[in-house]
Structures are given as structure tokens and as C-alpha cells.
Amino acid sequence: MSISLTLVAAATLTACSASKGEADQGSAKESAAGEAVPAALSGEEGLALAADCSAKLKSVSNLYSTLAAQSSGADAEELAKRASQRDSAATAFAQIAESAAGTIGKTPEQAAQAIRDADAAVQSEFNKRPFEDFATWVTNEVDTKCREALTGKS
């Protein structure tokens with residue numbers, strides 16, 4: 001693969017930033033991500049974290065898609081763009097999970113199962129929280145855990 005999955009995830013999360021200030025820091029975050037997978041996304045714990053981030057980003061993508069469908073004009077376009085960005089980041093994290101699985105002797109099917117398990121955990125949170133509370137929770141999870149995993153900060 002010619003481009004680092006970590007770089008793709010970092011770039012996509014940077015594009016997901018809500019503020020221009022965060023977007024302006026994109027190249028710094030991409031440089032911090034480097035070509036190597038950060039330690040937080042390696043091994044057994046990295047597999048679980050990457051699967052968790054994939055599931056949560058997919059959920060955020062679905063939230064934005066729902067809002068886009070209920071909106072019109074420029075708002076709908078912007079929400080659809082955000083949904084697409086989160087979906088791309090979810091895919092990158094799924095690929096990171098698969099890569100992490102391979103380094104610890106697990107199969108792609110086991111990585112896919114880890115993602116399904118993470119999806120079920122996110123769905124469980126959705127089922128027990130009011131919509132707005134869930135939306136806040138899941139976006140905070142993405143903004144903290146997933147970004148920190150990519151930058152190596154905790």
C-alpha cells in the first residue's frame with residue numbers, strides 16, 4: 001500500500017474538524033502521525049481501539065447522514081460532506097484494525113468480528129441514551145480517543 005493508513009485516518013479526522021483553527025493544524029497532525037502506526041494502534045489493544053474508533057466514526061457518519069436527509073440546501077450538502085468524511089475515517093480505522101490483527105496473528109475475519117463487537121457496543125449506548133446525549137457522547141469519544149490514538153497523545 002503506497003499511503004499509510006494512519007496518515008489517511010489522521011488527514012480525514014483533520015478534515016472532520018469543526019473549526020478552521022483545527023483544520024489549519026492539519027499538516028502538523030499529519031506529520032505527527034507519520035508513516036508508522038502509533039503505539040496506541042498496535043497489538044491487541046490497538047486492534048480493540050481501532051475497531052472502537054471505526055464503529056464510533058461510522059455511527060457519527062450515520063448521524064450526519066440522518067441530519068442531511070432532514071435538511072436542505074447548503075446545510076444538507078455540508079452535513080452530507082461531514083458524513084462522507086466520517087465514513088472515510090471509519091474505513092481507515094477498520095483497515096488499521098485489520099493491519100493490527102495481522103501483526104498479532106489474528107485473521108481479517110477476527111478483525112471484522114472486533115469491529116462488529118464494537119458496533120454492538122455503540123448500538124447499546126445508542127439504545128440507552130436520548131438521541132442528543134448519544135450524539136454528544138459519540139462525537140466526544142471520536143474527538144478524544146481516536147484523535148489521541150493517531151497523535152500518540154493521551
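How many aromatic pairs does a search of the whole structure find? Two.

The model is predicted: local features need pLDDT of at least 70, side-chain atom pairs count only at pLDDT 80 or more, and totals for chains, interfaces and linings use all residues. Residues are numbered from 1 along each chain as its sequence is written, and side-chain values use heavy atoms, with hydrogens and water left out.

**View 1. Phe126, Phe134 and Trp137 form one aromatic cluster.** Rings of Phe, Tyr and Trp (its six-membered ring) pair if their centres lie within 6.5 Å; planes under 30 degrees apart count as stacked, over 60 as edge-to-face and the rest as tilted. The search of the whole structure gives two aromatic pairs. Phe126 and Phe134 have ring centres 5.1 Å apart and planes at 85 degrees, so this pair is edge-to-face. Phe134 and Trp137 make a tilted pair, 5.8 Å centre to centre with 40 degrees between the planes. These two residues are three apart in helix H7, which separates them by about one helical turn. Helices here are DSSP runs (H or I, at least four residues), numbered from the N terminus. Phe134 is buried at a relative accessible area of 1%. Trp137 is buried at 18%. Phe126 is partly exposed at 32%. Buried means under 20% relative accessible area, exposed over 50%, and partly exposed in between (1.4 Å probe, protein chains only).

View 2. The torsion about the S-S bond is about -110 degrees, so the disulfide is left-handed. The pair links distant parts of the chain, 93 residues apart: Cys53 sits in helix H4 (residues 43-69), Cys146 in helix H7 (residues 131-151). Both Cys53 and Cys146 are buried.

**View 3. The largest nonpolar core has 34 residues.** A nonpolar core is a set of buried Ala, Val, Leu, Ile, Met, Phe, Trp, Tyr and Cys residues joined through side-chain atoms within 4.5 Å. Leu41, Leu47, Ala50, Leu57, Phe93, Phe134 and Val138 have the most contacts inside it. Two or more residues come from each of H4, helix H5 (73-103), helix H6 (108-128) and H7. H4 gives the most, with 11 residues. In soluble globular proteins, nonpolar side chains tend to be buried together.

**View 4. Helix H6 has a buried side and an exposed side.** H6 has 21 residues and reaches 31 Å from its first C-alpha to its last, close to the 30 Å expected at 1.5 Å a residue. That expected span is 1.5 Å times one less than the number of residues. Ala111, Ala114, Ile115, Ala118, Val122 and Glu125 are buried. They cover an arc of only 95 degrees around the axis, which puts them on the same side of H6. The arc is that of the directions from the helix axis to the C-beta atoms. On the other side, Glu109, Asn127 and Lys128 are exposed. The buried residues of H6 pack against H4, H5 and H7.

**View 5. Ser61 is a buried residue of helix H4.** Its relative accessibility is 5%, so Ser61 counts as buried. Leaving aside neighbours within four places in sequence, Ser61 is in contact (heavy atoms within 4.5 Å) with Ala83, Arg86 and Asp87.

Note on methods. Disulfide = S-S within 2.5 Å.
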